[in-house]
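Have a look at the structure first, then read on.

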Amino acid sequence: MTDRPRVMGIVNVTPDSFSDGGRLGSVEAAVAHGLLLVEQGADLLDVGGESTRPGAEPVAEADEIARVVPVVAGLRALWDGPISVDTMKPMVARAAIAAGATMWNDVTALTFSPDAPAVAAELGCDVVLMHMQGEPRTMQTDPRYEDVTAEVREALLVRAEAAMAAGVARERIWLDPGIGFGKTSAHNLTLTARLDALTATGFPVLYGASRKRTIQSVDPTATDPGDRLGGSLALALEAARNGAAIVRVHDVRETVQALMVQAALSRSGATS
């Protein structure tokens, strides 16, 4: 058992992701990066072949499969830990699970295709249902909520019910508030500070805010995503404090260390 969230390391095999697009230009480089993240303490790896940054253009299904599947297979050949595929497309998820992935991380919460919930049930893997208002090309145009925490919570519970109605086991379902997906920076900060409203549903929560633009809204000098480590750690620690079960990050070593110290402080306070 651990008293900290598990850390999911990001392996982007896209040319246009907001932080590290194009950096892993070959299957060999992507596999090596994933193994480095494991060495640094990653508990899970998340492999994605389509950018979902604001304004991103869609990727053809065949192209996404060609990017993702060899990396998943390469990682599985060398590591027996959990591998997630970050995709909205059921056929990509199916191909990645066949190659050795164990989790489907879907930014559309199984709404991209009518058959997505049934495919998730058939695959029998863990499924992450993420909240997004709108779609990547337009989601940041003018996001609005009356009560962002309540609305995100209710929308995700609706999607969880739909998944279970299609045959997905309840214990396979994860919820993700979708930081940066159809939300202003104020919405993102509120969702993080009130993440316990989502963890209180009983579903485990995955939280991902690593290097996101919300950090720049607090520190205007952090224009480069690579300069947002401090903010990323602060958000991950707050999410952990509010019950997140997984934090999805670029900077694995630093996040693991921060979470370990936070857990040690919590244990010290409990026994003093």
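## Charges over rings

A charge sits over a ring if NZ of Lys or CZ of Arg is within 6 Å of the ring centre and within 35 degrees of the ring normal. Keep in mind that this is a predicted model.

With that in hand, take K89: its charged end sits over the ring of F112, 5.8 Å from the ring's centre. R170 does likewise with F203, its charged end lying over the ring at 3.9 Å from the centre. As for aromatic pairs, the structure has zero of them.

Eight strands make up an open sheet, paired in parallel and running in the order 6-5-4-3-2-1-8-7. Strand 6 (173-176) and strand 7 (206-207) are the edges, each pairing on one side only.

## Helix 5 meets helix 6

Helix 5 also packs with helix 6 (residues 185-193), at an angle of about 70 degrees and with the axes 9 Å apart. Angles of 65 to 115 degrees count as roughly perpendicular, so that's the label for helix 5 and helix 6.

Who makes the contact? Helix 5 brings V148, T149 and V152, while helix 6 supplies H187, T190 and L191. By type, the contact residues split into three nonpolar and three polar, with no charged ones.

Definitions and conventions: Residues are numbered from 1 along each chain as its sequence is written. This is a predicted model: local features need pLDDT of at least 70, side-chain atom pairs count only at pLDDT 80 or more; totals for chains, interfaces and linings use all residues. Side-chain values use heavy atoms; hydrogens and water are left out. Two strands pair if DSSP finds at least two bridges between them. Helices (H or I, at least four residues) and strands (E, at least two) are DSSP runs, numbered from the N terminus. Axes are lines fitted to C-alpha atoms, for helices over the stretch in contact, and angles run from 0 to 180 degrees between N-to-C directions. Angles under 35 degrees count as roughly parallel, over 145 as roughly antiparallel, 65 to 115 as roughly perpendicular and the rest as oblique. Contact means heavy atoms within 4.5 Å. Ala, Val, Leu, Ile, Met, Phe, Trp, Tyr, Cys and Pro count as nonpolar, Asp, Glu, Lys and Arg as charged, and the others, Gly among them, as polar. Rings of Phe, Tyr and Trp (its six-membered ring) pair if their centres lie within 6.5 Å; planes under 30 degrees apart count as stacked, over 60 as edge-to-face and the rest as tilted.
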